[in-house]
Amino acid sequence: MRIYSGPLSMFGAKAEIAAREKGLNFELIMVPFVSDYEPKHPEVVRINPKQQVPVLVHGDLEIFDSTQIFEYLEDLKPVPALWPSGPAARAWARILELKSDEVFFAHIIRLMNLRKNPDAAAAAAAKQVALAYYREMEAILSDRRFLAGSFSYADIAFYMAQLFAERMGAPLDATMPALLRWRDAMSARPAVRSVVGPMVKFLYSSKRPVPDFLADLAGDAAAGREGQRPV
């Protein structure tokens with residue numbers, strides 16, 4: 001199994017965390033980070049029409065998109081389960097994962113595009129939408145440890161999306177204690193630390209801002225990365 005990702009790919013990190021949570025053996029191929037991942041890696045270009053990571057290759061199977069990779073990993077290795085049991089619970093977890101990627105993160109992308117104009121009205125509006133989403137997630141977490149009850153792909157997706165939101169100026173605050181507890185629990189998971197640690201190291205090395213809650217992960221950058229190679 002090979003997973004193609006990139007040093008600042010939120011979606012690639014999602015796929016890698018999931019594979020590590022499953023305890024799978026794989027080769028991680030990091031596509032060098034340049035603006036918009038240019039030049040494109042030839043295998044990424046060949047497999048994904050959108051020319052983006054993540055891409056997973058397993059024998060003759062070649063797939064892309066972090067959510068599709070989630071589904072494949074769950075079928076490939078059902079234990080430990082990363083979708084809840086029961087059709088209704090699984091559907092709810094899938095909705096949360098979808099909303100994280102397609103609803104919440106869309107506004108974080110807007111903030112990324114406005115980094116040179118952070119005081120723009122559009123940036124303020126995007127932060128307000130992020131805040132409203134945080135409040136929605138805070139309510140969900142008021143009586144549970146994880147978003148869908150048990151730890152799931154929904155948690156992986158929102159953790160990575162929130163990490164990027166934090167970097168882009170849409171942070172959590174003290175009015176969100178359940179979310180802060182959840183984020184601390186996520187940050188402590190070995191699979192998360194082994195993926196986010198190298199990302200933090202890359203941010204430091206390229207003189208990019210690192211959220212305070214990630215500062216301790218810089219020392220974990222080399223942990224758990226067997227089989228990684230740059231290409």
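The side chains of Asp 101 and Lys 14 come together in a salt bridge, with 2.5 Å from N to O. Asp 101 belongs to helix 4 and Lys 14 to helix 1 (residues 10-21), so this pair ties together parts that lie 87 residues apart in sequence. Both Asp 101 and Lys 14 are buried. Please keep in mind as you look around that this is a predicted model.

The structure holds twelve salt bridges. Another of them joins Glu 21 and Arg 189, whose closest N and O atoms are 2.8 Å apart. Glu 21 sits in helix 1, while Arg 189 is in the loop between helix 7 (177-187) and helix 8 (190-205), so the pair ties together parts 168 residues apart in sequence. The two partners can also be described by their accessibility: Glu 21 is buried, with a relative accessible area of 15%, whereas Arg 189, at 23%, counts as partly exposed.

Glu 74 and Lys 22 also meet through their side chains in a salt bridge, at 2.7 Å from N to O. This pair links distant parts of the chain, with Glu 74 in helix 3 (residues 66-76) and Lys 22 in the loop between helix 1 and strand 2 (27-30), 52 residues apart. Glu 74 and Lys 22 are both buried. Shared partners also join Lys 14, Glu 97 and Asp 101 into one salt-bridge network.

## Ser 100 in helix 4

Now for a residue in helix 4 (residues 87-113), Ser 100. Ser 100 has 0% relative accessibility and therefore counts as buried. Apart from neighbours within four places in sequence, Ser 100 is in contact with Phe 105, Tyr 133, Ala 157, Phe 158 and Ala 161.

## Helix 6

Helix 6 covers residues 153-167, 15 residues in total, and reaches 22 Å from its first C-alpha to its last, close to the expected 21 Å. This helix is mostly covered, with 15 of its 15 residues buried.

Both ends are worth a look. At the start of helix 6, a side-chain oxygen of Ser 152 comes to within 3.1 Å of the backbone nitrogen of Ala 154. Following the helix is Gly 169, with a positive phi near 95°.

## A hairpin of two strands

Strand 3 (residues 55-58) pairs with strand 4 (residues 61-64) in the antiparallel sense, over four bridges. Within this pairing, Val 55 stands opposite Phe 64 of strand 4. Two residues lie between the strands of the hairpin, where Gly 59 takes a positive phi near 60°.

Methods. Residues numbered from 1 in each chain as written. Predicted model: local features only at pLDDT ≥ 70, side-chain atom pairs only at ≥ 80, totals over all residues. Heavy atoms only, no water. Buried < 20%, exposed > 50% of the residue type's maximum accessible area, 1.4 Å probe, protein only. Contact = heavy atoms within 4.5 Å. Pairing = 2+ DSSP bridges. Expected span 1.5 Å × (residues − 1). Polar contact = N/O pair within 3.5 Å; in protein donor to acceptor, adjacent residues only side chain to side chain. Salt bridge = Lys/Arg side-chain N within 4 Å of Asp/Glu carboxyl O.
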